[in-house]
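This briefing is intended for a reader meeting the structure for the first time. Selected features are set out below, grouped by topic.

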Amino acid sequence: MRRRSPALAAVLSAVLPGAGQLYAGFRRRGFAVLAVTLLVAAPALVAAASLAFDGGPDALVRLTEPFFDSPRLILVLLTAQAVVVVFHVWAIVDAWHLTNEAEPGRAGAAGTVGTVSLALVLVLVLALPHVWMARRGLALHDLLTFDFSVDRTAPSLPTTTSPTTTSPATATTTTPTTTTTTPTTITPPTTTTPTTTTPTTTTPTTTTPPPPPDWYVVALLGGDSGPGRWGVRTDTIIVAALDAVSGRAALFSVPRNWQDAVLPEGHPAADPECSCYRDIINSLYGFGLGHPELFPDSPNPGAAALLPALEELLGMSIDDYALIDLLGFERAVDVLGGIDINVRVAVNDPGHVHPDGSISDIEIRPGMQHMDGRLALAYARARQETDDYHRMDRQRCVVEAAADRADTVTLLRRLPELVDVLTGSLVTDIPVSEWPDLVSLLDRVDTRATVSVRFVPAAPELSGTGLTYIGNPELVRNTVRAALELPLDEAMETIGVGSLDDVCG
């Protein structure tokens, strides 16, 4: 009769718990262990199949959505995973032990030591994937329980730079409230325009119907808090409007050097002579951080200062905002393995100053280029031999390329590093529990149906309109209304723009 090997039994149960027991001749125990194994493995097999058939970030988000609603489930899952590991280890040892008992005298002392060593190696190999998953589970738990509403990324502006003597008591009338509704069902507030275009008039009145009820509006901000700069400067300001039903989107880029932005009545940063912000708009976020006493009801006074100015400029309410520090964006691109961008126009920026204070000459040729985080950020920020119009194009293309790079495998593989980047660099008022809905919404956006407008004098679509960096509120708001209310083709023709796909394709 063929003698059974304890080592082979251990290997079989390492591959499939219960197989080793069946090999040893203990059929009842083997089938029982095998049944438990299949029962425990079923959810994992379903999840793997889902990811295999749909490899986008949306598939991963759907699988993890229950954990966004209740992060404690992650701890429950990790506990269950530990139990599975113990069960698997027991199955290996039990298969070895049963076979060894069934074959007394099968091997001498050397053989026993070898078999035990093999069993230990199998246990260690078995533990590795569980440790891998446990690290990602803990990282996800850290992500879901982190408070992203507080800006911890940069020092505040010195309080002596306040452009106004407005008392702190007036701040409570302008602090935007945090929206906690699901993005795909948000009904945006009524679109407004001022009763006059004179600088002293700031109280808006409704003159046009609101945009369609499925639009969701979010401000995307890039914060630059590098060496030699006070506080955070929002050098990238893009307001995105997304239609949850059609997949249509509109992007409105606001130049960082917009001067004398008209502010709502009672805004703490307003100069009483013009009801406007005298500095350029990219410093308004830092003003809020430097004067938190003027925005006592907001967890992020920087956003409380900037968002009302953008709403007044565009003539529409903003539901949420998200700001990422530029150094954090650079790290995120590196974690994703770099991005691919089709460079349309060569970029030359000698003596480019990076956010970490280092200096290098930037030269990027036209054509498809693979960029690491440092080069991608330089490509988006380069200012020499170019203008804000093309700079805004590059910024949007970098953001789109980074989003395209975030596939499921990369997200899972680099999740701990990504969580570290996000918790150190991202500030947003979007509740973490709503992130799955937002990812699903973004997944439906069609770049070919995305209207992209840059509110700078050099933009061809605004040529001859009289737009300056001091601003033309009526022109800006009419453009926004056209982008949101007209059919896509008519909107593009009226404004004179192409789609985002035309810019970055």
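Predicted model: local features only at pLDDT ≥ 70, side-chain atom pairs only at ≥ 80, totals over all residues.

Strand β5 spans residues 249-253, and because five of its five residues are buried, the strand is largely enclosed by the rest of the structure.

**Pairing of strand β5 with β4**

- Strand β4, made of residues 233-243, pairs with β5 in the antiparallel sense, and five bridges link the two strands.
- Within this pairing, A241 is found opposite A250 of β5.
- The two strands β4 and β5 form a hairpin, with five residues lying between them.
- In the turn of this hairpin, G247 has a positive phi of about 80°.

**Pairing of strand β5 with β14**

- Strand β14, made of residues 450-454, pairs with β5 in the parallel sense, again over five bridges.

**The disulfide**

- A disulfide is a covalent bond that joins the sulfur atoms of two cysteines.
- The count for this structure comes to one disulfide.
- It is formed by C274 and C276, whose sulfur atoms are 1.9 Å apart.
- The torsion about the S-S bond of C274 and C276 is about -80°, and the disulfide is therefore left-handed.
- C274 has a relative accessibility of 7%, so it counts as buried, the cut-off being under 20%.
- C276 has a relative accessibility of 2% and so counts as buried as well.

**Helix α1**

- Helix α1 covers residues 6-15, and its buried residues include P6, A7, A9, A10, S13 and A14.
- These residues cover an arc of only 160° around the axis, so they lie on the same side of α1.

- V36, L39 and V40 make a nonpolar surface patch of about 270 Å².
- Of these residues, L39 has its place in helix α3, which covers residues 27-53.
- L39 counts as exposed because its relative accessibility is 67%, and the cut-off for exposed is over 50%.

Definitions and conventions: Residues numbered from 1 in each chain as written. Heavy atoms only, no water. Buried < 20%, exposed > 50% of the residue type's maximum accessible area, 1.4 Å probe, protein only. Helix = DSSP H or I, 4+ residues; strand = E, 2+ residues; numbered from the N terminus. Pairing = 2+ DSSP bridges. Disulfide = S-S within 2.5 Å. Arc of directions from axis to C-beta. Patch = residues over 30% accessible without salt bridge, like charges linked within 9 Å, V, L, I, M, F, W, Y side chains within 5 Å. Areas by Shrake-Rupley, 256 points an atom, 1.4 Å probe, with all protein chains shown as cover. Salt bridge = Lys/Arg side-chain N within 4 Å of Asp/Glu carboxyl O.
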